[in-house]
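Visitor: I have a structure to look at and some questions about its parts. Please show it first.

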Protein chains: 2
Amino acid sequence: MELLVATGNAHKLVELGPLFPGHLLKRPADVGHPAFDVEENGTTYVENALIKARALYALTGRPSLADDSGLAVHAMGGAPGVLSARYGSEDGRRKLDSVERNALLLKNCEGFEDRRCAFVCALALILDEERIFIIQETCPGELLRAPRGEGGFGYDPIVFLPELDKSVAELSQDEKNRVSHRGRAGRRMACLLAELEAAP
Amino acid sequence: MELLVATGNAHKLVELGPLFPGHLLKRPADVGHPAFDVEENGTTYVENALIKARALYALTGRPSLADDSGLAVHAMGGAPGVLSARYGSEDGRRKLDSVERNALLLKNCEGFEDRRCAFVCALALILDEERIFIIQETCPGELLRAPRGEGGFGYDPIVFLPELDKSVAELSQDEKNRVSHRGRAGRRMACLLAELEAAP
């Protein structure tokens, strides 16, 4: 199946591709909408993923997939959560880059004994006017005290996975897809697509 | 897996049971919450299903499943939709029973040549704090001119399925589960649960 992906984030497309073998993932720009953009003003990951997928479906009428993800820190009650990409740039301040954001989050969490955190990913697929699949999955980990690793993107260098004894930024793309929030959500969505093709 | 179902509607529980073989479906009353109730004030089926599932999960901390469903009439832009159960009883008027609601809807649709409609069902499952599965599926049909059949509930007697040459109220429970919005959504959700047990 051809799926449009409502994202301008090239990293996300690179991660999603291998999760949907047998499907063709395209960007809005590939179907004549290079300026596709939408305000993510929801209060939950599911809401934001739906906002993006619905906007792309309204524009194209084709099956539209969107991802919304973030990092939830337990000791911060799930923050930065849906605001992860904008962390530290509230109130109109300039958007921080990943290195600055990671440093700020670690500084703000310095005093926390409870280091539990989880990456969260909501994937929403609009198939047609009334058919929708949504999967929200997680990758639980622990907040490091300093960044580690060069791979991945965003908060990957400051999240440690005890079972693998690595930060997320130290994983290969294959390893990351096996355990990540986006990998888990993507595989479940692919499972739904396989079932959809068997029983439309 | 044991699943709590956020519904007071016995019909829905009867329909959902066979869709989840190998799982144990329980009502809030079965786990000590006979008065469980929540205001469904969302504007979409997904939102309402999530409101109910989240409320039950917040109360119990156990995997919580909720259904929100309705009838979307094409010529009415998808109405009555999420307001299907309250159709005709807006502005504080007394709630109509199914027979009255069906009669009112058919009367209000008398002039429509376009009889297309679709039952829509959103199922939301909250597994834990951050893991959520949502499936919204449909059962497309045509609005009859007068009720037919004694089975089912709600709008079933006024929706005709051309492929089966029957109204939804003329289907056996097995037939209904095979083609209905709730049957389709339930089977996809069961497929996700099977995959979840294979790959937690």
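Visitor: Where in chain A does P80(A) lie?
Guide: This is a predicted model, in which local features need pLDDT of at least 70, side-chain atom pairs count only at pLDDT 80 or more, and totals for chains, interfaces and linings use all residues. Residues are numbered from 1 along each chain as its sequence is written, chains are lettered from A and ligands numbered from 1 in the order in which they are written, and side-chain values use heavy atoms, with hydrogens and water left out. Helices (H or I, at least four residues) and strands (E, at least two) are DSSP runs, numbered from the N terminus. On that numbering, P80(A) lies in the loop between strand 3 and helix 3 (98–108) of chain A.

Visitor: What kind of peptide bond joins A79(A) and P80(A)?
Guide: The angle to look at is omega, which is about -5° for this bond. In chain B, the bond from A79(B) to P80(B) has omega near -5° and is cis. The bond joining A79(A) and P80(A) is cis.

Visitor: Is D165(A) buried or exposed?
Guide: D165(A) is found in the loop between strand 6 (159–161) and strand 7 (166–167) of chain A, and has a positive phi of about 55° although it is not a glycine. Buried means under 20% relative accessible area, exposed over 50%, and partly exposed in between, with a 1.4 Å probe and protein chains only. D165(A) has 53% relative accessibility, so it counts as exposed.

Visitor: Is K176(A) buried or exposed?
Guide: K176(A) lies in helix 4 (residues 173–179) of chain A. Contact means heavy atoms within 4.5 Å; not counting residues up to four places away in sequence, K176(A) touches E15(A), G152(A), F153(A), D156(A), V168(A) and L171(A). Its relative accessibility is 3%, so K176(A) counts as buried.

Visitor: How many residues does the largest nonpolar core have?
Guide: A nonpolar core is a set of buried Ala, Val, Leu, Ile, Met, Phe, Trp, Tyr and Cys residues joined through side-chain atoms within 4.5 Å. In the largest one, the residues with the most contacts inside it are V46(A), L50(A), I134(A), V46(B), L50(B) and I134(B). The elements that each supply at least two residues of this core include helix 2 (45–60) of chain A and helix 2 (45–60) of chain B. The largest nonpolar core has 40 residues.

Visitor: How far apart in space are F133(A) and N177(A)?
Guide: F133(A) is in strand 5 of chain A and counts as buried because its relative accessibility is 0%. In sequence, F133(A) and N177(A) are 44 residues apart. In space, C-alpha to C-alpha, F133(A) and N177(A) are 20 Å apart.

Visitor: Which word describes how helix 5 of chain A lies to helix 5 of chain B?
Guide: Axes are lines fitted to C-alpha atoms, for helices over the stretch in contact, and angles run from 0 to 180 degrees between N-to-C directions. The two helices, residues 181–198 in each chain, pack at an angle of about 130°, with their axes 10 Å apart. Angles under 35 degrees count as roughly parallel, over 145 as roughly antiparallel, 65 to 115 as roughly perpendicular and the rest as oblique. Therefore helix 5 of chain A, relative to helix 5 of chain B, is oblique.
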